Amino acid sequence: MVKALLLLFVILLYQYSSYADENTIPEDAKVVNIEAIYDQAPIIVENDIGEDKIAIATIRGKILTDGYLKSGTVDCRVVGHAAPGRVFSCGFAQVESVDGYCIFRNSDDEGLVAKLSCSTAANGIEGASCQGRLDFISGSGTFAGISGKAKLNMAQIFSTNEQFISFSGYWKLPALLLR
């Protein structure tokens with residue numbers, strides 16, 4: 001019994017430390033919170049088979065928040081899969097899984113590339129959205145050498161008329177150290 005409790009404690013401690021590492025903001029990183037709204041409806045090319053859909057979508061928008069991306073734009077190319085909600089889909093009529101890449105640019109035409117990955121999740125009282133992660137992978141100008149990650153929340157592609165994308169997390173901007 002003692003061995004079982006000790007094993008359970010070690011497993012819980014490992015999971016806690018893994019979770020803590022994932023959410024710890026490095027000392028030399030900057031906190032980032034960005035909101036954008038689509039400036040047009042997503043351009044979607046769909047293929048259906050039965051009740052499943054696969055799509056390639058282009059999402060474009062304007063950044064609403066101040067900071068290094070103030071008055072900038074977002075341009076994403078994503079691939080998505082949508083299927084009817086099943087028993088464990090929290091009651092959603094349709095469940096989406098989306099992956100792709102986005103380019104964020106500021107008004108000086110400096111920008112960054114981020115890898116996007118999200119899936120359908122509950123969004124409080126408002127219903128469902130595509131929630132997941134952005135990984136910052138490269139950039140130019142102010143964003144040269146960027147690294148970091150953020151939690152992503154965006155409108156679902158297949159099943160909503162909402163048009164938003166937001167993320168919060170951190171990034172490291174080594175190019176700022178050279179100025």
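Let's start with Cys-130: this residue is buried, with a relative accessible area of 1%, where buried means under 20% relative accessible area, exposed over 50% and partly exposed in between (1.4 Å probe, protein chains only). The structure is a predicted model, in which local features need pLDDT of at least 70 and side-chain atom pairs count only at pLDDT 80 or more, while totals for chains, interfaces and linings use all residues. Residues are numbered from 1 along each chain as its sequence is written, and side-chain values use heavy atoms, with hydrogens and water left out.

**Disulfides**

- A search of the whole structure turns up 2 disulfides, a disulfide being a pair of cysteine sulfur atoms within 2.5 Å.
- Cys-130 is bonded to Cys-118, with the sulfur atoms 2.1 Å apart.
- Cys-118 sits in strand S6 and Cys-130 in strand S7, so this pair ties together parts that are 12 residues apart in sequence; helices (H or I, at least four residues) and strands (E, at least two) are DSSP runs, numbered from the N terminus.
- The link of Cys-118 and Cys-130 is right-handed, with 95° about the S-S bond.
- Cys-118 counts as buried too, at 5% relative accessibility.
- The other disulfide joins Cys-76 and Cys-102, whose sulfur atoms are 2.0 Å apart.
- Cys-76 belongs to strand S4 and Cys-102 to strand S5, so the bond ties together parts that are 26 residues apart in sequence.
- The torsion about the S-S bond of Cys-76 and Cys-102 is about 105°, so this disulfide is right-handed.
- Cys-76 is buried, with a relative accessible area of 1%, and Cys-102 counts as buried at 1% relative accessibility.
- With bonded cysteines counted along the chain, the disulfides follow the pattern 1-2, 3-4.

**Nonpolar core**

- In soluble globular proteins, nonpolar side chains tend to be buried together.
- The largest nonpolar core here has 36 residues, and those touching the most other members are Phe-104, Leu-112, Leu-116, Leu-134, Phe-136, Met-154 and Trp-171.
- Strands S1 (30-38), S3 (52-63), S4 (73-84), S5 (94-105), S6, S7 (128-139), S8 (147-154) and S9 (164-172) each supply at least two residues of this core.
- For reference, a nonpolar core is a set of buried Ala, Val, Leu, Ile, Met, Phe, Trp, Tyr and Cys residues joined through side-chain atoms within 4.5 Å.
- Leaving aside its neighbours within four places in sequence, Met-154 is in contact (heavy atoms within 4.5 Å) with Tyr-38, Ile-59, Leu-116, Cys-118, Ser-129, Cys-130, Phe-164 and Ile-165.

**Aromatic rings**

- The whole structure holds 4 aromatic pairs; rings of Phe, Tyr and Trp (its six-membered ring) pair if their centres lie within 6.5 Å, and planes under 30 degrees apart count as stacked, over 60 as edge-to-face and the rest as tilted.
- Phe-104 and Phe-167 have ring centres 5.3 Å apart and planes at 70°, so the pair is edge-to-face.
- This pair links distant parts of the chain, with Phe-104 in strand S5 and Phe-167 in strand S9, 63 residues apart.
- Both Phe-104 and Phe-167 are buried.
- Ring pairs connect Phe-104, Phe-136, Phe-143, Phe-167 and Trp-171 into a cluster.
- The charged end of Lys-115 sits over the ring of Tyr-101, 5.8 Å from its centre; this requires NZ of Lys or CZ of Arg within 6 Å of the ring centre and within 35 degrees of the ring normal.

- Thr-120 is placed in strand S6 (residues 111-122) and counts as buried at 12% relative accessibility.
- The side chains of Thr-120 and Gln-156 are joined by a polar contact of 2.5 Å, meaning a pair of N or O atoms within 3.5 Å; within protein, one must be able to donate a hydrogen and the other to accept it, and residues adjacent in sequence count only if both atoms are side-chain atoms.
- The side chain of Thr-120 also reaches the backbone nitrogen of Glu-96 at 2.6 Å.
- Gln-94 is in strand S5 and counts as buried at 16% relative accessibility.
- Beyond its neighbours within four places in sequence, Gln-94 has contacts including Thr-120, Gln-156 and Phe-158.

**Positive phi**

- Ser-71, in the loop between S3 and S4, has a positive phi of about 60° although it is not a glycine.
- Asp-109, in the loop between S5 and S6, has a positive phi near 65°.
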